[in-house]
Amino acid sequence: SKIELFQRSVETPLLYGHFSMSASHLGKTPLDIAKLRDAVRKRLPELLDTVRGKKGLILDPQLTGPLSLIAEISILKDHGVEKIYHLDDNILDTDCKNLIYICRPKLKYMKYIAAQIRKDRQDTSKRIEYSLFFVSQRTMLCERILEEEGVLGDITLGEFAMEWIPFEDDLISMELDNSTWKELNLFLFFSLSIKDGDTTAIHQAAKSLMKLQQIYGLFPRIIGKGDSAKALADMLIRMRREQAVVEEVSSSTSRQNPSLLNSLSTHIDQLVIIDRNVDLYTPLCTQLTYEGLIDEIFRIKHSFVEVDPSLVGTAPAPGQSASAQPAAAPAGASAAVAAGKKKNYALNSGDKLFSQLCDLNFAVVGGLLNKIAKRINENYEERHQAKTMAQIRTFVDTGIAEEIMSQTITDEFNRMLETQQNLVAGVDSNSEVDYIEELIDKQEPIVKVLRVLCLMSLVQGGLKAKVLEHFKREIIQASHISLTTVFNGLLTCEIIQTYGYEHIQTLYDLERLGLFNVRTSSNASRAAYANVRRTLRLIVNEVDEHNPADISYVYSGYAPLSVRLVQCAVQKISAGHAGGSVPGIGLLVNVVGGGSSGTIGSNNTASQNGGQDKSDKTTVSGWKGYEEILKLLPGAAVDEVQTVEAKNEREAKATAARAKRSLGSHHKKTTIVFFLGGCTYTEVSAIRFLAQQDEGVRDYLVATTQMINGNTLLESVIQSTPFDRGESVEQV
């Protein structure tokens, strides 16, 4: 029978046309990232086949998007799935005899499932078999909740490993919740042990990184910065040892399913772990690359963006032109267009125009699209007769760029941008306080207010006690009176609603997370950021966005601290001797190239190193030489070298030979940069810029727990108000 989507799942990208182009752009690098997709893709039919007959599939709403990048709708149909639902607090009225739940181990989901089972019990005519598969691992706490709800005996439990979702050949994500960073740092705040680590993002990240080592071989070196990065590195090393014991005991199994855990990778030179807590400045700044601004304005979800249906024609099937399609689109898609609802559009390198634009500073994008825009304006109605997917994509990209431009030219956008850039540049001014007060008076969304407030607190090492208490009152109070003088001289008053007492908890959590603190008398943290800013040259005054020579182009003058650290670890950028305030560390000079030393942005490496070949960049020495800089940043530093034990040498040689055959004899090394707690699209663009600098010598693979921006980072902390929950004034 025809696949039906639950009424509440209309936002999911799990709709017909998206699947035909979901992975055609993958697998074009020596690592062959498509392998990661195929591994998960293979497990899904196996999971579905554990339940015989026709079945209904009930998905965690946060997993629908990632699954759509893994499996076509036809795979689900071929393995007995008749209906697909979203898992929420609504009781399903279904005639399916088998229900399969796939969700992350969250307590609220256990309660939803228990409520459904108890409801079905009331109808004695129903005989439903329930199965629950946890992504990626079941937890004792969830099992306890099911037991307390009285339904544990009615449901079969299992696990569904979904370690990585490949977006691009150089970008993979675990697609964890946006609350991951918050949970990681509250975990550290309370100084809890990791003995129950199976419920933490650190444990999930370790398992996912272990999967990479099983496929590609051991990371020869693991370096990182931050307390969570240290915990992750320690867990990785422990897991490797535990796995070695398991393989030694189960020697027959390991021979049948050999992994590369007993040999160093012949292709990956190191893993760099960046704890998000080390650099919170970057995500709080507004992203200025094309893809970054799409995320800021439209919100990219699992590589899809919602756009106006007028921008998107019905996607042609493979080998079929748009004009050859049937007049009637699938029911779900046509209904969405008819109702004027947003449509999901895939953003990936399969779109050639998007791949050219995504990493550019938006100041450049307008000029590149100018000729296309002129042609489209002259023949606007052509969008209805677009013949190919390439033509459709051109219209979509142009439409998106025009919408972004309409917002970036506003005074509001540029005022926010100016305030952020002044803060990260260390410009002393009281205008930031005035601007935040103005945002509050205008009743701008609280996430917009907090984004500036938290950035100010971070770069200044906290706020003055008087200023902090003032903003607490402004945010928390339920209402205040605004006096307005009108033209006739009369004074009128207006009661302005602000953000409410619910945000007492919001501000408390921000304090615990280190984002909203009172300035200490020592001012140590303020001095620390200023020293890091100068030492790593985070601010570049003159940036050519059209011909960038440094990663700072992605923020029009601010270089992401996280990526500067990657440069320190990988490119071994050198410090000039300009008298920095940190003992033994000079300022990085000539950031945009042309200096007499091997500085950031300089491509003259060979001549600057006595004729040394560029290939010397592949030499890995960890954090050596940057110890003093790392001391200025929060958290522990990690530098671990992995070796193969002598007792496995024979097997290691055999495994290495297999690795060479499978990966080929490609001479370039790949550095994996893993963001623990989330990564922005602009940071991805900056690392791609490093890849261009190291072209022919080194590739980069960006891995992350999830994609974030400043809004999604803070939204996980912000408490919802009655109005956010959709309650009326009468209900409040």
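Student: Where does serine 136 lie?
Tutor: Serine 136 sits in the loop between strand E5 (129-134) and helix H5 (140-148). Keep in mind that this is a predicted model.

Student: What kind of peptide bond joins valine 135 and serine 136?
Tutor: A cis one, with omega at about -5°.

Student: Okay, new topic. What is the phi of aspartate 32?
Tutor: It's positive, about 55°, although aspartate 32 is not a glycine. You'll find aspartate 32 in the loop between strand E1 (4-5) and helix H1 (34-48). Its relative accessible area is 26%, so aspartate 32 counts as partly exposed.

Student: And what about arginine 299, what's its phi?
Tutor: Arginine 299 has a positive phi too, about 75°, and it is not a glycine. Look for arginine 299 in the loop between helix H11 (290-297) and strand E11 (304-307). Arginine 299 is partly exposed, with a relative accessible area of 26%.

Student: Let's talk sheets. In what order do the seven strands of the open sheet run?
Tutor: The order is E7-E8-E17-E16-E10-E9-E15, with mixed pairing. At the edges are strand E7 (165-168) and strand E15 (637-641), each pairing on one side only. On average, neighbouring strands in this sheet are turned by 20° against each other, direction ignored.

Student: In which sense do E9 and E15 pair?
Tutor: Antiparallel: strand E9 (residues 221-225) and E15 pair over five bridges. Arginine 221, for instance, has valine 641 in E15 as its bridge partner.

Student: Which strands does helix H22 touch?
Tutor: Helix H22 (residues 561-570) packs on the sheet and touches E9, strand E10 (268-275), strand E16 (669-676) and strand E17 (698-704). The direction of H22 makes about 150° with that of E10.

Note on methods
Residues are numbered from 1 along each chain as its sequence is written. This is a predicted model: local features need pLDDT of at least 70, side-chain atom pairs count only at pLDDT 80 or more; totals for chains, interfaces and linings use all residues. Side-chain values use heavy atoms; hydrogens and water are left out. Helices (H or I, at least four residues) and strands (E, at least two) are DSSP runs, numbered from the N terminus. Buried means under 20% relative accessible area, exposed over 50%, partly exposed in between (1.4 Å probe, protein chains only). Two strands pair if DSSP finds at least two bridges between them. Axes are lines fitted to C-alpha atoms, for helices over the stretch in contact, and angles run from 0 to 180 degrees between N-to-C directions. Contact means heavy atoms within 4.5 Å.
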